[in-house]
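Biologist: Please show me the complex, and then let us discuss how its parts meet.

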Amino acid sequence: MSIGHTLLGLLEGGPRHGYDLKRAYDEHFGHGRPLHYGQVYATLSRLLKNGLIEESGVEQGGGPDRKRYAVTAEGVTDVDTWLGTPEKPELYMQSTLYTKVVIALMSERDAQDVLDTQRHAHLRAMRELTARKRGGDLADQLICDHALFHLEADLRWLELTAARIDELRNQVTS
Amino acid sequence: MTQPLLAATGVVKSFGPTKALDGANMSVRAGEVVAVMGPSGSGKSTMLHCLAGIIQPDAGTVMYDGKELSAMPDQPRSTLRRTEFGFVFQFGQLVPELSCIENVALPMRLGGMKRRDAEAKARTWLDRLEVGEVAAKRPGEVSGGQGQRVAVARALVTGPRVIFADEPTGALDSLNGEHVMRLLTEAAKDTGAAVILVTHEPRVAAYSDREVIVRDGHTRQVEFA
Ligand SMILES: Nc1ncnc2c1ncn2[C@@H]1O[C@H](COP(=O)(O)OP(=O)(O)OP(=O)(O)O)[C@@H](O)[C@H]1O
Ligand SMILES: [Mg+2]
């Protein structure tokens with residue numbers, strides 16, 4: 001997650017203080033993992049240095065907390081570019097689970113057990129997310145669904161592999 | 001730990017030369033949702049049919065609420081199915097000649113309830129499943145997803161003690177599937193019904209309390225600390 005771009009995006013709604021930005025970030029995107037003040041101020045000073053934000057008035061009393069920041073035209077362009085650039089699709093080509101299954105087959109252990117154990121762990125995680133969705137608002141539901149679909153993809157792979165385990169055994173032990 | 005409401009022990013069932021179940025075990029307690037998963041042809045539907053007393057096992061026992069279902073004659077077994085069990089299957093479970101509301105009212109009518117009362121109750125369930133608008137239509141005139149929700153309404157309307165669902169969300173898109181699962185699991189939590197849910201979809205299985213895996217006619221339960 002690009003904290004810089006996210007803070008810029010939040011500043012597009014109007015100038016804010018650092019602590020105010022942190023609160024807005026945590027509310028929308030924190031989900032149990034709030035930003036540290038240190039992260040906020042480090043990010044802001046980088047954005048400031050790159051000309052993507054500027055100071056927009058200091059309240060009486062001074063101190064770092066009292067500074068307000070506004071997004072600059074360059075900052076807006078930067079958000080445009082960020083939103084217009086697709087995220088790199090994750091290829092998932094390194095699978096520990098595949099390795100475990102092959103090792104189990106090679107050593108004549110029960111590979112179905114490996115798969116069943118993993119399925120159980122995945123389903124348990126999915127149950128927790130499903131329970132969270134039940135009590136949550138739309139934001140919670142969408143975020144949990146994203147995780148659920150990814151876990152489901154793993155489970156589909158698991159099932160396909162379980163169905164082809166004899167074929168795979170023949171290949172790795174021949 | 002409470003006693004299981006329904007339990008299959010050592011169930012064997014063959015169809016001609018095919019051994020669909022070969023010593024399968026599973027049980028479900030009141031208020032519990034159990035997902036039955038496993039590859040195609042592994043015996044999941046056969047397991048569900050044996051548990052529901054729709055087919056009789058060749059060997060092994062099915063116990064329901066202290067009674068041996070697998071030793072019960074046809075007549076009381078079918079009465080028990082009608083009065084205490086609810087069913088949701090993937091396809092073709094609604095009576096095509098009846099309207100949707102008549103379909104939902106049917107189990108109550110068979111139980112001797114007056115038409116007006118049965119249809120009033122059916123109406124509230126159709127509304128709960130957000131298919132009130134298809135009440136007067138016949139199953140052939142509604143979409144697959146709507147028909148599926150009508151079928152769920154029919155399964156829940158009698159307040160069954162066990163709900164058997166075989167791929168209940170197979171014909172639904174994700175959002176409708178979730179809605180149906182919410183209603184099924186709420187029914188379990190509200191009325192203490194047990195739910196046996198056969199599914200291929202992990203996100204649907206995630207609504208269960210635990211899973212049973214069927215493979216080559218054997219059941220397998222992964223126990224975890
Ligand atoms: N009425 C029947 N007559 C003959 N064979 C049957 C019958 N019902 C099931 N079988 C066979 O028994 C085995 C188990 O079938 P079952 O329908 O229980 O599988 P399943 O796990 O539900 O599969 P799916 O996921 O495809 O629905 C299969 O080999 C199937 O062909
Ligand atoms: Mg089946």
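Biologist: How much area do chain A and chain B bury between them?

Modeller: This is a predicted model, in which local features need pLDDT of at least 70 and side-chain atom pairs count only at pLDDT 80 or more, while totals for chains, interfaces and linings use all residues. Residues are numbered from 1 along each chain, chains are lettered from A in the order in which they are written, and side-chain values use heavy atoms, without hydrogens and water. Buried area is the accessible area (1.4 Å probe) that two parts lose on being put together, summed over both. Of the area buried here, 51% is on carbon and sulfur atoms, and the total is about 2100 Å².

Biologist: Which residues in chain A lose the most area to chain B?

Modeller: Three residues together account for 29% of what the chain A side buries. They are His120(A), Arg127(A) and Arg134(A).

Biologist: How many salt bridges are there between chain A and chain B?

Modeller: A salt bridge is a side-chain nitrogen of Lys or Arg within 4 Å of a carboxyl oxygen of Asp or Glu. The side chains of Arg220(B) and Asp110(A) meet in one, at 3.8 Å from N to O. The count between the two chains is 7 salt bridges.

Biologist: Which residues touch the most other members of the largest nonpolar core?

Modeller: A nonpolar core joins buried (under 20% relative accessible area, 1.4 Å probe) Ala, Val, Leu, Ile, Met, Phe, Trp, Tyr and Cys residues through side-chain atoms within 4.5 Å. The largest has 38 residues. Those touching the most other members are Leu126(B), Val150(B) and Leu184(B).

Conventions:
Buried < 20%, exposed > 50% of the residue type's maximum accessible area, 1.4 Å probe, protein only.
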